Amino acid sequence: RKVEEENEKNYARKDIPGPLQGSGQDMVSILQLVQNLMHGEEEEETSQSFRLQNVGEQGHMALLGHSLAAYISVLDRERLRKLTTRILSDTTLWLCRLFRYENGSAYYHEDDREGLLKICRLVIHTRYDDYTIEGFNVLCSKQPVIYISSAARTGLGQALCNQLGLPLSCMCRVPCNTMFGSQHQMDVALLDRVIKDDVESGKLPLLLVANAGTPGAGHTDKLGRLKELCEQYNMWLHVEGVNLATLALGYVSSSVLAATKCDSMTLTLGSWLGLPAVPAVTLYRHEDPSLSLAAGLTSSQPVEKLRALPLWLSLQYLGHDGIVERIKHASQLSQRLLENLKNLDFIKTSVEDELSSPVVVFKFFQEYSNRDQTSHAAQASSIQHPIISNERHIYDTFNQWLGEQLAQLVPASGVDVVELEDEGTCVRFSPLMTSAVLGTEIQDIDQLVDCLKMKIPVLTSTLQLREEFEQEVRRTVDLLYIEDVGWPGLGVVRYNHHSDEKTDDKQEKELEKINTELLKKLNELESDLTFSLGPEFGGQKNCVYIGMVTEDLDVSELVETIAATGREIEENSRLLENMTEVVRKGIQEAQLQLQKANEERLLEEGLLRQIPVVGSVLNWFSPFQASPKGRTFNLTAGSLESTESTYMSKAQGTSTTPPPTPTSSLAKQRLPGQKAFKRSLRSSDGFSETSSISHCDDLEKMDQRPPALSPSQEQGSLETEKTEEQKEVAQAQTNTEDTHSDKSPPDCAKGEEQASER
């Protein structure tokens with residue numbers, strides 16, 4: 001038994017995780033671990049700042065509710081039942097009065113989709129009498145159909161079918177209006193025809209999910225007509241959306257007020273009032289409590305009723321005035337932004353009601369992007385659709401960039417990017433969902449408008465210069481324009497020089513090397529442009545991506561600079577390759593000549609001088625005199641020459657003048673303080689005259705240049721400009737000499753080996 005206990009202890013120490021081993025940890029260590037998990041270690045912190053939720057006193061009350069719920073759950077059963085019943089009944093009554101939903105019941109849930117799921121089960125139990133006994137067999141006789149708008153939340157229909165165990169054929173997506181009314185509202189006439197077709201085919205219309213504020217644009221469906229349609233076909237009407245928050249205000253639009261007549265609605269009070277970790281609430285009307293219990297809308301467990309405790313505390317703390325003030329403040333923020341957007345050019349808004357719209361959606365838009373409208377209309381029959389398609393993709397990209405920039409510059413505004421079916425990519429401001437959490441104020445909206453005013457000229461200039469940049473690149477030799485509508489900037493260019501002598505792999509590597517070096521050179525220039533390798537995923541390889549630009553950009557100078565810099569890098573690379581090959585051949589030729597010279601020297605010295613002892617004595621009595629014969633390699637001419645003239649004149653020289661190092665003619669005259677690629681502020685005539693005069697002065701200076709340097713100086717200057725690889729090659733290009741000395745034959749043999757190595 002002792003052996004078994006010992007083995008059990010060893011087994012436990014091995015397999016139990018580290019934090020659970022031993023007798024437990026103290027409270028300080030556990031709290032420190034939680035703090036590290038929340039804020040991260042210091043070495044793991046990045047430069048990006050994360051904005052935490054603005055938790056005020058009302059938020060502390062909501063957080064306190066979770067702690068109190070844990071304490072209350074340990075009370076005796078009778079006291080717990082009375083307390084939970086009081087909390088649940090009070091909270092339900094308050095919410096029904098606040099949001100004008102009389103005689104309703106409430107279901108509190110963590111997931112905002114869970115309330116709709118339980119409502120679907122309630123409707124199934126109501127419409128199918130034998131569902132509790134026979135289950136899914138009842139559904140086979142008459143297939144249920146749930147109708148949702150095409151503007152509803154993504155994946156809502158599939159989630160409902162998965163949780164209810166229904167096939168996807170039970171879900172019907174109703175299109176929105178295409179000709180009359182808002183393009184984000186459900187088409188009621190089409191819905192009527194669809195329901196009739198389903199009834200005639202033997203299906204059972206079950207439930208309709210409508211929106212009081214669509215997730216994308218914040219538009220409200222025609223709830224009054226939808227309610228009449230549901231009563232006609234005995235269907236259940238469920239409403240959800242952010243505009244339901246305005247039911248608590250004194251003035252409510254008639255379109256939203258119609259939601260009070262629906263069968264159920266879902267409220268997300270946490271985001272509306274800035275309350276953390278509070279449940280969502282689904283208000284509904286139903287007379288049979290047994291079916292509500294079967295559907296899971298009510299529970300007999302007292303602990304389940306404690307979900308309402310955080311809301312019970314927070315609503316009492318805020319009071320009616322506090323709740324109305326937060327919702328009214330969000331409406332004022334959206335109205336302030338909408339009024340400012342009306343005065344901005346190139347900004348197109350999409351709101352349901354210009355007088356009071358809780359959600360503001362806007363986008364940057366410029367008609368035809370600097371194209372001639374007449375020519376565009378003339379080409380409509382042939383290329384209208386591709387042009388419109390490309391323009392929409394470009395505008396989507398630019399608006400995506402605009403939304404990200406605004407969210408980064410003014411994080412307290414809470415703006416985000418949304419994809420709409422008709423408008424494309426837009427920037428959305430929904431203060432009911434963000435202002436209470438982020439603490440958005442009026443000055444944040446003014447700052448957002450100021451940032452938008454600064455970004456609009458950049459967007460218009462970039463959009464106008466994109467076509468000019470494309471034309472300049474296509475006219476320039478060795479440059480290839482890359483069409484990438486997903487890049488928010490001036491465009492994408494690649495230095496592309498084809499060589500028939502190289503294989504595809506070598507050419508691809510060479511292009512990658514040239515474009516990488518080109519990007520480095522461009523970033524070293526003093527300019528306001530941003531050059532990059534493009535997006536991390538989905539971008540083209542071996543390209544230079546140019547970001548947003550301003551209206552004073554000189555596109556021709558930019559393209560000329562890119563082409564000239566690419567050619568310079570290519571010529572330098574080609575010069576290095578040619579020089580490497582010439583040096584290699586020169587070394588091989590020098591080795592052959594040195595070997596031949598050694599053989600001739602042996603014949604001149606004779607056989608006796610090669611014997612170790614005899615050769616030393618013979619050299620002492622009769623020294624052998626021989627003129628030094630070495631070889632020098634001329635980097636400029638690429639040839640081997642004798643060193644006799646070097647020993648005679650005591651200086652190394654050559655008559656060949658090396659070619660000049662290739663340089664780019666990028667030195668365009670700029671005014672003091674003017675950055676690269678900027679148009680001059682002077683007139684074009686004056687600028688041309690100044691340029692011509694300066695060009696003549698440069699020619700005169702070139703004629704009055706001092707004499708060329710000596711070949712050795714030229715060669716030394718050339719070697720200092722080489723790369724590390726050229727330096728290594730140049731070190732191997734020293735003068736190799738074969739001289740005779742008064743050494744013994746063994747010493748002469750060592751000298752021969754050293755000369756051969758050189």
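View 1. Strands are DSSP runs of E with at least two residues, and helices are runs of H or I with at least four, numbered from the N terminus; two strands pair if DSSP finds at least two bridges between them. On S11 (residues 424–429), which is joined to S9 by three bridges and runs antiparallel to S9, the bridge partner of Val 361 is Arg 428. Residues are numbered from 1 along each chain as its sequence is written. As the model is predicted, local features need pLDDT of at least 70, side-chain atom pairs count only at pLDDT 80 or more, and totals for chains, interfaces and linings use all residues, while side-chain values use heavy atoms, with hydrogens and water left out.

**View 2. Strand S9 (residues 360–364) is mostly covered.** Five of its five residues are buried, meaning under 20% relative accessible area, where exposed is over 50% and partly exposed lies in between (1.4 Å probe, protein chains only). Val 360, Phe 362 and Phe 364 point one way from S9, whereas Val 361 and Lys 363 point the other way. In a regular strand the side chains alternate between the two faces of the sheet.

**View 3. Four strands form an open sheet in the order S8-S9-S11-S10, with antiparallel pairing.** S8 and strand S10 (416–420) stand at the edges, each with a single partner strand, so one side of each is left without a neighbour in the sheet. Five bridges join S10 to S11, and Val 417 stands opposite Val 427 in S11.
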